[in-house]
Amino acid sequence: MSTAAAPVRSGAVLADLLPAARHRYAVDAALVLGGAALTGIAAQISVPVPGSPVPVTGQTFAALLIGTTLGARRGFLALALYAVVGMAGVPWFAESTSGYAMPSLGYILGMLLAATVVGALARRGGDRSVLRTAGTMVIGSAIIYAVGVPYLALATGMSLSAAVAAGLVPFLIGDALKAALAMGALPASWKLLGRRG
C-alpha cells in the first residue's frame, strides 16, 4: 500500500486549488477583494519608527503573502485595488491614512509590483520549499524597497543615504521575521494540500 502524496499540478498557486471551476470569475473577484481588504487590515498593525516617516506595518507581509497565494494577475489586481481605493480616500493605509501626498506611497507602489513578481515566482514553485520561499520573500522585499526608498527620498528631500537609513535599515529585522513566517506557512500549506490532493 502506497502512502505517497498525490502530486499537486505544477504551474498552480494556492488559490488555484480552490474547488470553483464553475464560478471562477466570482471566486477571482472575491479573492481580489479579499486580498485588498486583508492588506488594508494588515496596514493597521502599525508601529511608528523614531526618526522615520514610515512605520513598521503588516501590509508588506500581506502584500507578499497575497502575491504568492493568488498569483501574479490576482495579486496585482488586489494590490492595485488597495492602492487606488486608498488614494481615493478610504483610510486603510498605515495609521488609517489615505491619499497620494504621503512619503510612504512609494512603498505601496512597490508592494503592487512585488505582489506581481512573487506571484509569478510562486507559479514556478517559488513557495513550495523553505529555501525557495525565502528567496521569493527576499526578492519581493527588495522590490518594495527599490521603489519605496527612492520615492521617500524624493518626497521628503532626503539624500538617498538618509532615506536608506530611515526607510530601509530599521525594517530589516521585521522583514526577516515576516519571511520566516512565510517560510513556515507556505511550504506547509503545499504539503498539506498535496497529501489531500
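Student: What makes the span of helix H5 close to the expected one?

Tutor: Helix H5 (residues 130-156) has 27 residues and reaches 38 Å from its first C-alpha to its last, close to the 39 Å expected. The expected span is 1.5 Å times one less than the number of residues. Helices here are DSSP runs (H or I, at least four residues), numbered from the N terminus. This is a predicted model, in which local features need pLDDT of at least 70, side-chain atom pairs count only at pLDDT 80 or more, and totals for chains, interfaces and linings use all residues. Residues are numbered from 1 along each chain as its sequence is written, and side-chain values use heavy atoms, with hydrogens and water left out.

Student: How do you know how H4 is oriented relative to H5?

Tutor: Helix H4 (residues 105-123) packs against H5 at about 155°, with the axes 7 Å apart. Axes are lines fitted to C-alpha atoms over the stretch in contact, and angles run from 0 to 180 degrees between N-to-C directions. Angles over 145 degrees count as roughly antiparallel, so H4 is roughly antiparallel to H5.

Student: Why is the pair of Tyr-82 and Trp-92 called tilted?

Tutor: Rings of Phe, Tyr and Trp (its six-membered ring) pair if their centres lie within 6.5 Å; planes under 30 degrees apart count as stacked, over 60 as edge-to-face and the rest as tilted. For Tyr-82 and Trp-92 the centres are 5.3 Å apart and the planes stand at 45°, hence a tilted pair.

Student: What parts does the pair tie together?

Tutor: Tyr-82 lies in helix H3 (residues 72-87) and Trp-92 in the loop between H3 and H4, so the pair ties together parts 10 residues apart in sequence.

Methods: Helix = DSSP H or I, 4+ residues; strand = E, 2+ residues; numbered from the N terminus. Parallel < 35°, antiparallel > 145°, perpendicular 65-115°, else oblique.
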